[in-house]
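Please look over the following notes on this structure.

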Amino acid sequence: MAKRGRPATQITVTNDQLAELNRRVAARKGPADERLRALIILGCKDGEPGTSIGKRLGITAQTVSKWRRRFADYGLDGLNDEVRSGRPRSISDDVVQEVIDRVRQEKPEDASHWSTRSMSEVTGISPASVHRIWRAFGLKPHMEKTFKLSTDPAFVDKVHDVVGLYMDPPDRAIVLSVDEKSQIQALNRTQPGLPLTFGQPETRTHDYKRHGTTSLFAALDIATGKVIGRLKRRHRSAEFLEFLNAIDRSVPADLDVHLILDNYGTHKTDKVKAWLAERPRYHVHFTPTSASWLNLVERFFSTISERWIKRQAHTSVKDLEDSIRHYLTVYNENPKPFQWRKTADEIVASVGRAASALDRRTDKPD
């Protein structure tokens, strides 16, 4: 007499479940385990024996039986992996809270900020555990950001004015973000460095020789990304006027010109005001005081510093100026405009939150 095994668990598949199972099988980028379990249930639904399903899918009959029972008991939820208990936590919630409170509210006696090792010493957990807690809660005591809130009474109006030019520039006009990058140093290393090679970065000496400075006057066309640039050894009102004349020669005569400027003194002298008054097609838009970050040309200055000037060596100011002129020529051959993404309302709201946070901190009793 043939030996009879335990009868297979009967399953019922609804139309919605069938659609989901077919979706999991057809998904090209879904998890492999999810697709396999769906194929098992579809085979069971059609009455295929477990041994046949296992042979066809390259698994054991016991695996087929397991997922058949799970589906019968829990439906589609039964095809998910069960949560594994893992090793019990060795750090209590109180210790985690202590690490968070200390790093946010206290400072070590012998340093300006906490390190993982100093926090480990006072809390009794490993530096690696301290690091994991800080990372989980986004705490970075080794980092510090600088800021300065504008006290300009017309801050909101000026933000809306400048950001409006970035996000919705006027027709038949060119918008130029203008500023000077002053005191660019011509530095030459005292010894030649070693080039980049396998397993070793490029090297340079920590000390250098100073050979003077120059200033880069730049006007960034926000629509095209092109830059009008001139180099001057000084950055007085006279040099700024020369740069304005260079701009005037460079832009089409039939377009209005909108200049975005910060509040540097050379931009507001009587001679500059007279120059602008004689040219009614020029319209000046000042950023709020202490908010030169609103001037988009600062983004270009950051680019030229990081990509070109910072790691160069120059034997004279002329050498430095020739190098910057070369960069401007190459840059303008394939310019890309910088995209301003934050709206004026978002900026005003962000500054408002920062001001409120500072007020709350100031109001705290000693």
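**Notes on helix packing and domains**

1. Helix α1 crosses helix α2 with left-handed geometry; a crossing is left-handed if the near helix is turned anticlockwise from the far one by less than a right angle, and right-handed if clockwise. Here α1 spans residues 15–26 and α2 residues 32–45, with an angle of about 135° between them and axes 8 Å apart. That angle makes α1 oblique to α2. Angles under 35 degrees count as roughly parallel, over 145 as roughly antiparallel, 65 to 115 as roughly perpendicular and the rest as oblique.

2. On the α1 side the contact (heavy atoms within 4.5 Å) includes Leu18, Leu21 and Val25, and on the α2 side it includes Ala38, Leu39 and Leu42. By class, this contact has 7 nonpolar, 1 polar and 5 charged residues. Ala, Val, Leu, Ile, Met, Phe, Trp, Tyr, Cys and Pro count as nonpolar, Asp, Glu, Lys and Arg as charged, and the others, Gly among them, as polar.

3. On the basis of the model: it is predicted, local features need pLDDT of at least 70, side-chain atom pairs count only at pLDDT 80 or more, and totals for chains, interfaces and linings use all residues. Residues are numbered from 1 along each chain as its sequence is written, and side-chain values use heavy atoms, with hydrogens and water left out.

4. Helices α3 (residues 50–57) and α4 (residues 61–74) pack at about 110°, their axes 8 Å apart. The two are therefore roughly perpendicular, and their crossing is right-handed. Gly50, Thr51, Ile53 and Gly54 of α3 meet Ala61, Val64 and Arg68 of α4. This contact has 3 nonpolar, 3 polar and 1 charged residues.

5. Helix α11 (residues 297–309) and helix α12 (residues 317–333) have axes that come within 11 Å and cross at roughly 115°. That makes α11 roughly perpendicular to α12. Among the contact residues are Phe300, Ile304 and Trp308 of α11, and Ile324, Tyr327 and Tyr331 of α12. The class count is 8 nonpolar, 3 polar and 1 charged residues.

6. The protein is divided into domain 1 (15–79), domain 2 (93–137) and domain 3 (154–191 + 204–350), with bounds from an automatic or database domain assignment. The C-alpha centres of domain 2 and domain 3 are 44 Å apart.

7. An unreviewed UniProt entry carries the annotation "domain: Integrase catalytic" over residues 191–352; such annotations may be inferred rather than shown by experiment. Over residues 191–352 the chain is 38% helix and 19% strand. Helices (H or I, at least four residues) and strands (E, at least two) are DSSP runs.

Methods
Axes are lines fitted to C-alpha atoms, for helices over the stretch in contact, and angles run from 0 to 180 degrees between N-to-C directions.
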